[in-house]
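Thanks for making time this morning.

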Amino acid sequence: MHHLVLFNIIDQIRSLGWPGAFSLLRNGLVLGSLYALIALGYTMVYGILKLLNFAHGDIYMVGAFIGYGVLVAFGGALSPTIPIVPLIILMFAVSMAGSGFLGVAIERVAYRPLRTAPRIAPLISALGVAFFLESSVQLLTNSAHYLYNGYQLGGKNGNFGPLLNPVFTVDGIPVTVVQTLVILTAVALMGVLVYLVYRTKFGKAMRAVAFDREAAAMMGIDTDRIISMTFFIGSVLAGAAGVMYGLYLGDTYFFLGFLFGLKAFTAAVVGGIGSIPGAMLGGILIGLAESFSTGYVGGQWSELVVFGLLIGFLIVRPTGLLGSHAIQKV
Amino acid sequence: MLKKVGVVAVLAALCSVVVATTAWGSAKPRTLAAATGSVKCGKKVTIGVAYPETGPAATLGAPQWDWANFAKSTWNKSHKLKIAFVRGDTQLAGNNPQAVQVAHAFASNGKILAVTGPAGSQEMEDTASVWKGASIAPVSGSETRVALTRALPGTPRETTPGYFFRTVPNDGQQGDNVATFIHNVLKKKNVRIIDDEEAYSQGLSLQVKQDLQAAGATVTTDHISQQNPDYNSVITAIPHNTQLVYIPWQVPAMAQQFYSQLRANGDKQIVMGSDGTDDPSTFKGAGSYVSGFPVDTSASALKSFQKAHNGDPETFGLPTYTSVMVNANAINNACKAGHGKTTRNAVRKAVAKVKLSKSLSLLGFPVQFLKGNAGKFQGPGDMGGAAAFGIYQIQKNGAYTRVG
Amino acid sequence: MSDTPDTPGPPEPPPEPQSSAESGPKIGVDSWVASHGGRSGRSGPIGSISRAWESIPDVARFLAFVAIALSLPFWLLKSEGDLFNFGLFTLLFIGMGLGLNVDVGFAGLLDLGYVAAFGIGGYAYALLSSGYYGIHWPAEVVIPIAMLAAVIPAAVLGFSARRLLGDYLAIVTLFFAEAFLVFTNVSNPTIFGKGITGGANGIPQADPLTFFGYQLTSSKQLYFFLVGAVALVAAALYFANQSRTGRAWRASREDPLAAEVMSIPVNRLKILAFIFSWAVAGLFGAIYVAILTSAVSTNYSIGLLITIYAVIILGGLGSIAGVFVGAIIINCVFVFLEPQTDHPEAKRWIFYGVIILLVATLKPWYKAVVLCVGTIASGFIVHAIVSATAGSAWTSGKTVAGAGWLSHWVVIPKVSHGNVNNLLYIGLVVAVVLVAMLKGWWRIIALGPTIYLAAVVWENVLTENPGVTAFILFGAMLVGLMIKRPQGLLGTARVEIV
């Protein structure tokens, strides 16, 4: 049975050829950028609070909904009342701001009182927030699916709009505007984040708090403010990812954060949780792994392959790719 | 001291086990209260509605509840005997197997005379014995597995005849229809089927695959999880010479998204969806095909429902309307025959005899339940006569026109 | 007081904590401070109840539980539906919680793959005791096999995870659970001619439990059997906890490095904890499938895992009695709030009752009174304003079931408007966030209209959607519980040494 499966895979690789491989590579990079953005939120919060914020995937979901709200407020994808470029910028801006404030609010209400509680307490609190957010959005939207129809944005009579124009073509496979938009925006945001964390005084404060919160407080850093800002930045990234999801993949509903969040969380762990470059790397890797395994192995085994790889990977290298060994004190 | 504790604990546990296995009968099927008691009809009767209110499948449950409520208000406007609902949240594919809990709760609730739902075929599997013990025949608007009403070689029948009815054609009928259309009308010989890993989808996929392969077509299959919205890689994996992609999915928004991504990728295959994707307000891919109920879109009942729900016809829930009407009619008839009093058993037998005209069922065909096997896939509990799905083609302006 | 530098007076006592008595976790980095609550005791009626509870010896509590449980089908759970939903499922949750309590509570591991063990036990039972492959072995043979089937992956995972610290272990186990779901639902490899896990349909029509020829088919029989099984498992785990192994588990939970230095084989203990825990899961997984008569992969989702975690956290990690309490509260409240339990008036009173209880815990007492007055007054004011300005169509609606007089206080429009309801709900969430951020008297003042808004939202929105409401309340309960009392009801307060 095993050699049959292997033959099928080799057959599939051959039949898809180079165009297929490039297409899967492209898909993987775009998906990976989304995962990377969400994974950054997970990893930043873990680095600074040692907390696995299970509610992060739902902040991403709320970001997608806010973007949809803005889109509909200006006429919807099929008949927008303002030109597309300002519309997209507005969607990003409002969604990022909204998600950012949501993240800060969650931190104030659900995590701050538990700063000194045993580690499982904020974990359970995060699960509670996740449940609450999912069920609230379900209540507000009556469990419906909403479509951005981003491909038709700006098009006439329901045809595809400019978002689908190819930017360049390799071997007959187009890379469209929306895909380039996703990758470039993700890269830009990650660049801004890296600048923020490693080149500014504020970033230095963040790293200090992540390293040793007490000592940082003794040095005069307002740890509460830094922690809130960390949540804000992480949630802003998730909000941006939400809008990108809407434009690229489109189907918005209350449960979309769950599987996406889980995979992004995987990415953060594979890259080494607590490490920002690790999250980016992990995101891209998971995106590529998923894309290639779906293309070559087939939908029913692809998730199993990804999860199996991860378990194996963690067992061999427990701290992830770029993570550091935690020093245990007696 | 601890040893004494241990001895006492073990003795207590053993006692209860012995008590359990020897008392209260041993070979009787699950006994349930309020099974055959007589209930006064009075002015109001209660129907239990089991549907997924929460959980990942809540998107499918909401239309069912909306249509059930519409049925209730329509009935109550024109009949003296009013119906009231008790809801049961079955959380299809969710937390716990709540369908079983709902079944027990409904069975013990003496007020409930008939049940609409549950929504998932695997839920019926688990609860068939509970309903039978309670003398209730659930009338489901979305359970489509063939084995629920018809024994086929290799799969025994899963419910007892007379204890299950459905107001929706089953997977065998739909799959057969679709395969015949693909092969005879569209004349496509190279088909790819992508299912969404749910039981409904896999049942249809299997049926269509068997039929098409028997007719000599080449069929390849793939799967994608209902929670994974990125179809790009699945689209890339579609073999080059595929002519048609069949997606028996449950969520129209996903079908529309798949269509968009397929076209955006430059692929020209024809897309065909199942009745789960039948939704003119969402799935608008021009040139695609969908199988769905031959609903009379000009019917005034449909129009007033759409007006109340933002223009969305929520066609997934339409058979639930029919199911509530069937139950209401059955209870009404049983109450009349029993002169104001009736039992669950009487209602159950009345359900088997209910006949609804085309305009009352809203399904585009009159409803009448079979008493025995019929055709290749139908059995007692299925709808007979003209009950079948139609095939629709989506035009450029999004309109659905019937082609098969 | 003297302020000459050479004779300093006695040190001043530390200031009293601002928040109301023993709410929130203690500040401090050692367990002496953390157990402050246990030393000074709780005051008032709750204090005397907890003291009375603690003075009863464990054995007596256990026997009392067994006796009450055995008697329940005769007076409280007479209807079969109630017995099934409230009785059987509570006992199943107790059983599942007992298993999870071993590796999370006793040994301090973070095991997120527990449902996979539950599922493995269930599938093993279904495969060996059903018509699927035609094997109909009796339960006394199949259940040990199911437990063994669940233990094997536990040993493998435990062995390979010995290098993984806390969070990474959690992740690996979580992925194992997800992989299990994917494997049973989709991958479903064909063995002996049929897909071994039955795919999305699962394995149907499993046999009822058959012990030495006796079949357990009715709910009453299953209930008594489960009481016995739960009692046995609880007793066994109690003894395990009291033994050297239990002490070693506790040591490796509190400080693994120090335990290792004291020659406790921490890695082996981890594996042992996994094995115990997953064996119990296998046992109850098999019983679960026998009750439900089929094994379907969607039964073993992450949602179930979170519910079991909520059970043991509510009861208190590491406390066996806590598991009982937690399971009873969570399952009974959840099932009660579900729409199929047809008592809409009672559900409303639970909501108002909880609010009144929470208000009553405010100290000093005049704060609670002010809050009550404020809430009721703001309600009437809003009601008057709305009926004056927007007309009677907005206030003449009726409540969903019973208590019609409430419509004079709560604004219930005749026809519910979806958009208004959504705005009200979002407004409520914003109000709650604001209340959490204010302090002192400002908080009390903001709380009044917030409670009224909560009542409006309850009557208009939440009672229309009881299933979703149960989840919203569940999520809110988890957050509130952790903030108020992270050690759960019967757990001991701990502080982690970082």
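Predicted model: local features only at pLDDT ≥ 70, side-chain atom pairs only at ≥ 80, totals over all residues.

Let me start with α2(B) and helix α10 (residues 318-337) of chain B, whose axes come within 7 Å and cross at roughly 40°; axes here are lines fitted to C-alpha atoms, for helices over the stretch in contact, with angles running from 0 to 180 degrees between N-to-C directions. The two helices, α2(B) and α10(B), are therefore oblique to each other, given that angles under 35 degrees count as roughly parallel, over 145 as roughly antiparallel, 65 to 115 as roughly perpendicular and the rest as oblique. The crossing of α2(B) with α10(B) is right-handed, the near helix being turned clockwise from the far one by less than a right angle.

Residues are numbered from 1 along each chain as its sequence is written, and chains are lettered from A and ligands numbered from 1 in the order in which they are written.

Which residues make the helix contact? On the α2(B) side they include W67(B), F70(B) and W75(B), and on the α10(B) side Y321(B), V324(B) and M325(B) are among them, where contact means that C-beta atoms, placed from the backbone, lie within 7 Å. By class, that contact of α2(B) with α10(B) has 10 nonpolar, two polar and one charged residues (Ala, Val, Leu, Ile, Met, Phe, Trp, Tyr, Cys and Pro count as nonpolar, Asp, Glu, Lys and Arg as charged, and the others, Gly among them, as polar).

Stepping back, chain B is divided into domain 1 (38-170 + 299-387) and domain 2 (172-295 + 391-402), with bounds from an automatic or database domain assignment. Between them, 25 residues of domain 1 of chain B are in contact with 19 residues of domain 2 of chain B. To the domain 1 side of chain B, α2 (58-78) and α4 (121-133) each supply at least two residues, helices being DSSP runs (H or I, at least four residues; strands are E, at least two), numbered from the N terminus.

Finally, between chains, 47 residues of chain C are in contact with 39 residues of chain A. On the chain C side, α8(C) gives the most, with 12 residues, and the residues of that side divide into 36 nonpolar, six polar and five charged.

Key. Contact = placed C-beta atoms within 7 Å.
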